[in-house]
Amino acid sequence: MGRNPHDPIRSKTGPPAASTPSSSVSLAMPESPTDPRLIYAPEAAPNWSAHDERVTTIHLGTPGSDKTLSLTLPPDLATLFPHLTHLRLWNVDVTELPPLPAGLECLELVKCPRLTHLPELPQTLEELLLDELPELCGLMLPASFPALWDISLKGGAALPQKTLEELLTRSPALRWLDLSRCAGLTAIKSWPATLEKVILNDCPNLVALPGNWPPKLRRLDVKESAGLASLGEEPLPPCMDYLDLRGTTGLRRLPPRQGHPRTLFIHGSGLELPNELFGEKEDHNSADAVWAHLDSQRTTEHEVKLILL
């Protein structure tokens, strides 16, 4: 997700004012290793007894490392650190987590290969980042996540459609969503209205998206989601700026548009367009050529209708 591993304490300003193609957000400068608010243990289990209730951030493990950190979290984590707002585990070999503090704002678990279940998630979460957890097969959700704006479940192959549906339904403030490589995802039945970025790459069983687009949606990625046959008949929102449709072999037509997206990747898709528009390379941006072609087609069709009248 583009987070800086050396900036374990996040600023509390919330999501950035405008979304960008990258999901990274600015983090506060790293604090001193002696900061009583921080437990930072990238290579070895921390000495839990050396810390007290002032801790707000726990960061264990190292992203991008081949080394897996083996440890056990204290069963009374929520009691020991009642003010904890950020919990990050990267490349950590844990099978379960203890109950989480009620005020947790960010839960980031990446490459914890044996983790199968989580305790009930606090409704105070603002960021839920559960990437590359292939054995995670369910989530215990509260009635609502009123402040949750960022969800990433990349590689959540064991998560069922029902869990993913309920998570979206209970996240009314969601702005960024990444469900790439979620094999259990078969359809999105309704979008949270606040969404700005949606990434659904390589979802092999995804066959349907809702007909109505979120009005602020700026980016849509469905690369290699080959089962997707349609993007619906509703026009893309005016602020849509980025579409990645590479490898969507089941897709035949683009939906109407209201704006002029500047980025459009269609290499390897099944769109019924002239071959020269796809480009020879996967990263060829076809936006200008495709929009010009479709505009020309519409103009021709309009002229034909006028002649027939």
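**Aromatic pairs and ring-charge contacts**

The structure holds four aromatic pairs, where rings of Phe, Tyr and Trp (its six-membered ring) pair if their centres lie within 6.5 Å, with planes under 30 degrees apart counted as stacked, over 60 as edge-to-face and the rest as tilted. The model is predicted: local features need pLDDT of at least 70, side-chain atom pairs count only at pLDDT 80 or more, and totals for chains, interfaces and linings use all residues. Residues are numbered from 1 along each chain as its sequence is written, and side-chain values use heavy atoms, leaving out hydrogens and water.

Aromatic pairs

- Trp-149 and Trp-176 form an edge-to-face pair, because their ring centres are 5.1 Å apart and their planes stand at 70°.
- Trp-149 lies in the loop between β7 (127-131) and β8 (150-152) and Trp-176 in strand β9 (residues 176-178), so this pair ties together parts 27 residues apart in sequence; strands (E, at least two residues) are DSSP runs, as are helices (H or I, at least four), numbered from the N terminus.
- Trp-191 and Trp-213 are stacked, because their ring centres are 6.2 Å apart with planes at 20°.
- Trp-191 and Trp-213 are both buried.

Charges over rings

- The charged end of Lys-197 sits over the ring of Trp-176, 4.5 Å from its centre; the rule asks for NZ of Lys or CZ of Arg within 6 Å of the ring centre and within 35 degrees of the ring normal.
- Arg-246 has its charged end over the ring of Phe-265, 4.3 Å from the centre.

Whole chain

- The chain has three helices and 13 strands.
- Of its 309 residues, 49% are buried.

Definitions and conventions
Buried means under 20% relative accessible area, exposed over 50%, partly exposed in between (1.4 Å probe, protein chains only).
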